[in-house]
Amino acid sequence: MFIQLNGQIINYEKTGSGRPLILIHGNGEDLSIWDELTHALKDEFTIYRPDSRGHGKSADPGVLHYTDMADDIINFITSLEIDHPILVGFSDGGIISLMTGIKRSDLLGGIISCGANLTPSGIMPHALKEIKKRAKKNKDPFDILMVNEPDIKDYELIKISVPLLVISGEFDMIKRSETDKIVSSVRGSRKLIMRGDDHMSYIIHSDRLAPIIREFTGSIS
């Protein structure tokens with residue numbers, strides 16, 4: 001399905017019934033990464049899976065900014081009149097979910113942010129070096145985005161007023177100190193380290209988040 005939001009056409013899929021859940025994929029991906037998780041949760045949640053702008057079947061604006069993507073999610077929620085959804089975001093989607101919470105916590109029921117960084121320096125040096133190398137060589141807008149953004153301040157994070165679970169892989173490409181900074185900045189937030197996992201091994205085409213989402217939503221009912 002497609003929806004036009006302030007001139008931006010966003011593709012999305014809606015599946016299941018129950019409490020609303022919005023799944024936001026990462027950089028260079030599309031909504032299909034959530035297929036297995038959607039199948040596991042469709043009998044308990046109404047699941048919305050948008051393709052971020054410039055990704056999948058959504059329109060490509062040419063230049064990508066996280067703040068625009070967060071605005072897309074806000075407009076998505078308000079346009080479809082989704083009642084206080086839980087946002088689950090991975091990597092870029094985790095950044096977008098945090099920024100959505102900063103801008104409009106009043107629209108949300110909670111946030112699960114997986115593998116998110118606050119600035120490019122929050123990425124492990126070896127990984128950031130490779131991203132910068134690709135961006136310089138290929139001028140890929142996905143890589144350029146990660147090199148230059150986000151820039152989320154501590155005083156912005158404290159604006160998040162809904163329950164927040166911050167997840168990171170034990171061997172994540174995001175620095176542990178970055179994950180800890182998010183948790184320490186948002187009152188009442190919790191941290192979960194996925195033992196034995198890297199940045200994406202528990203996310204991409206996996207249903208391993210299903211019990212975590214069930215526990216999180218159950219704890220805030």
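Helices (H or I, at least four residues) and strands (E, at least two) are DSSP runs, numbered from the N terminus. The structure described here is a predicted model, in which local features need pLDDT of at least 70, side-chain atom pairs count only at pLDDT 80 or more, and totals for chains, interfaces and linings use all residues. Residues are numbered from 1 along each chain as its sequence is written, and side-chain values use heavy atoms, with hydrogens and water left out.

Threonine 46 lies in strand 4. This threonine 46 is buried, because its relative accessible area is 11%; buried means under 20%, exposed over 50% and partly exposed in between, with a 1.4 Å probe and protein chains only. Apart from neighbours within four places in sequence, threonine 46 is in contact with residues including Lys14, Gly16, Arg19 and Leu21, where contact means heavy atoms within 4.5 Å.

The structure also holds two aromatic pairs. Rings of Phe, Tyr and Trp (its six-membered ring) pair if their centres lie within 6.5 Å; planes under 30 degrees apart count as stacked, over 60 as edge-to-face and the rest as tilted. Tyrosine 12 and phenylalanine 76 form an edge-to-face pair, 5.1 Å centre to centre with 80 degrees between the planes. This pair links distant parts of the chain, 64 residues apart: tyrosine 12 in strand 2 (residues 8-16) and phenylalanine 76 in helix 2 (residues 66-79). Both tyrosine 12 and phenylalanine 76 are buried.

The rings of tyrosine 48 and phenylalanine 76 are edge-to-face because their centres are 6.0 Å apart and their planes stand at 85 degrees. Tyr12, Tyr48 and Phe76 form one aromatic cluster.
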